[in-house]
Amino acid sequence: MKKLSLNEIREKFLSFFESKEHLRLPSFPLVPQNDKSLLLINSGMAPLKPYFTGAQTPPRKRVTTCQKCIRTPDIERVGKTARHGTFFEMLGNFSFGDYFKVEAISWAWEFVTEDLKLPKDRLWISIYEDDDEAFEIWNKVVGVPEDRIVRMGKDDNFWEIGLGPCGPCSELYFDRGEKYGCGNEDCRVGCDCDRYVEFWNLVFTQFDKDAEGVYHRLANPNIDTGMGLERMAAIMQGVNTMFEVDTIKHILDYTATIAGREYGQDEKSDVSIRVITDHIRGVTNMISDGILPSNEGRGYVLRRLLRRAARHGKLLGLEGAFLYDVSSKVVEVSGGAYPELVEKEDYIKRVIKQEEERFQETLDQGLGILQEYVEQMKKEGKSMLSGEKAFKLYDTFGFPLDLTKDILEENGMSVDDEEFNRQMQAQRERARAARMDVDTVGWNEEASSKLEGIPATKFEGYSQLQVDTRVLAILKDNEIVEEAYEGDKVTVILERTSFYAESGGQVGDNGEIISDAFVVDVEDCKRISGGQYLHFGMVRTGTVRVDEKATAKVDASRRMNTARNHTATHLLHRALRNVLGNHVDQAGSLVEPERLRFDFTHLAAMTAEELKQVEGIVNEKILDNLGIDIFETDLESAKQMGATALFGEKYGERVRVVRMGDFSIELCGGTHLTTTATVGPFVVLGESGIAAGIRRIEALTGRKAIEYLVKQGETLERTAQVLKTNPENCPDRARSILDSLKEAEREINNLRHKLAGGEIDRLLNNAAEIKNYKVIAAKVDDMDMDALRNMGDNLRDRIKSGVVVLASEKDGRVSFVAMATKDAVAAGAHAGNLVKQVAGMAGGGGGGRPDMAQAGAKDPSRVEEAIASVIEILHKQLI
């Protein structure tokens, strides 16, 4: 058995199935597309579910992939054992109603025995206990001895999730030898010891389970197989764990080196080295697939992995950011298979470093608080941290729960998971309520089930804005009806349509569906999974009936304005890449007739100069009047042309390409112009951050841009008139006025200081005396509390022994301040009590220390009376 590298095994597998007429697809992103049941892709078949369910047509009936996967249920055990990991690659071959068991089993045996050259006498097979068909193929067709085929029950060898498609499994095992066994006489496939390693699972999806629990045979059964690449590499390289596999060991060795440790010498250090090695693989691939650290969803999974690894670095004595450096080793070993890692390496490192630095800022503070909790629990004899406190650490200080658990575990403690989860759920519900949006009128998912049997709509709107058609169905109040009347809100499905359905960030078309008998005003258009186009609107006149002939007529002006903005979005995307770098990826967009909004990946706010540069490039390409070519080709050819694909979007074998001269080329299903000059002026309204690492640009084109520029010009003209200058001189004139105002303010402040000095002298000269203590009680004009305190401090310092009480009214607010020297306080004076009584006479209140206090009041008319009472009150206070 020849030792093969992990990268060689991957290539051998994919090439083998290509030779069996399978289409090799690249790994799908780790972010699931149109699948709300998954947070992250966790298996080879997960991104292919729409092909298995029939929701989408696969690009070919035979497909092979190596899929990047993330699984985090056992994250707490990663590092503590050498078996567990969060990131892995899954090899698979799939048949969508094409070949079945004979081919799947025969090819699996051929690959492992002839291509990988695994010894046949060390291979074992498991099958579902009732799957005689699989037994016959393994035994009679392939030639595996009967005693090496093990029948197992439903829990082990039958795949099903609730109702729907399901079927038996067959698994391939490798016998590592007796020394890895448990020593029991009945040790065999299925034993929990380390001797028999399952490395390939073949799922035969041949049944459809109904609500009664009956299994119906599928007319076109499917094949779904999965081989763990790291596990297969461990077998081929004769090593015990995935951490010893060549590519992973490369990362592990580097981690140990920078930490100044030798792996295998200290179990505690080994745990930290394994955590870092595993987590950095997941972190690097998640960021390359567009995930950014956050406190929600998959962003939280990323933050959790990254911060857990960072803390283990700290345990190894690594100070400061270091994970961004280790990520380069992931790129070194995996960049050949996943070129996006190489393309985005600089960006990946910047994201990791920024998150590491952000975590370092809060780590010490969070650790300090957690340590206080631990000490308090020890004193109280408690061993469980409240979920409320754990959530506070998570929500306020960015402390992942598993990090809190790790530290508590080191102290023999735990956390109240149930209470934490309640706090988390409450936060999610608050967030969900904040972002809830109203569904499109007249439609919900319940209604889609009622459209079964209605043919898909044929879209002809790329080439024409008006088409003759026929009404296939009408929905009113989510119910299918035969006809609808004037004033009814309806959803109309047509045989053919010119209406573009909302997709790829572009809004749906508006317009009319008209005939001699009715007019329907269309307000929106969407496409559902069955291919039907839903035209939402209201019957303006007449009665619309099913099967009636009509004309679909799009609002041409609105479509043109939308196309201007969509074309400008492509130009903007390319310009951003030119100015900021190739790490820029589209992270969302909104293309409307009125404006465009473009979200993109970038870590820092754009400078004014960068924005100006981007805006200039777009306008330059508009003026160049670039021709826009739109054509269809196969996906591979489009990639070779350099076409930019929308991140995470699924594409079939045929794709639509939009090329603008030699400047921009993207895969896109939206509507566009024929030349860039038709865009008209392009104006950036602003740039902002909407999430960690995601920026947003909003812009205008065409008529809206002209309207905006005209308004800007008019505003400038009015400003020039006010400033009594020409528009071009407005900045200089405004600067000159501001300079004059600043100089005037300085002069006013100087005069105020002089006046205040004179006022202080006057007050000192008029000071009263009670029992050898000087007393100043006065109302001064137009001072806020800060100015009043400053004057009070000055007077107290000048009298050296006594009491000062000042009052002032400014902007309708009355303020009092009272101050007493130390000897006056010793003699009984109490500024807090004094000011409380004085302010009370003017309808206010306050208080403070014996030596200094302040108060506010509501009745300016009684301030003089209140100040006059100071002498009488002090006679009672002073001894």
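Let's start with R545: this arginine is partly exposed, with a relative accessible area of 38%. Partly exposed sits between buried, under 20% relative accessible area, and exposed, over 50%, using a 1.4 Å probe and protein chains only.

Before going on, a word on where this comes from. This is a predicted model, in which local features need pLDDT of at least 70 and side-chain atom pairs count only at pLDDT 80 or more, while totals for chains, interfaces and linings use all residues. Residues are numbered from 1 along each chain as its sequence is written, and side-chain values use heavy atoms, with hydrogens and water left out.

So who is the partner of R545? The R545 side chain meets that of E483 in a salt bridge, 3.0 Å from N to O. E483 lies in strand β15 (residues 483-485) and R545 in strand β20 (residues 533-545), so the pair ties together parts that are 62 residues apart in sequence. Strands here are DSSP runs of E, at least two residues, numbered from the N terminus. E483 is also partly exposed, at 28%.

A salt bridge means a side-chain nitrogen of Lys or Arg within 4 Å of a carboxyl oxygen of Asp or Glu. Side chains of opposite charge can pair when their charged atoms come close.

How many salt bridges does a search of the whole structure find? It finds 58. Among them, K154 and E160 meet at 3.6 Å; K154 is partly exposed at 34%, and E160 likewise at 26%.

Then look at D624 and K621, paired at 3.8 Å. D624 is partly exposed at 41%, whereas K621 counts as buried at 18%. Finally, salt bridges with shared partners join K101, D131, E133 and R217 into one network.

How values were computed:
Helix = DSSP H or I, 4+ residues; strand = E, 2+ residues; numbered from the N terminus.
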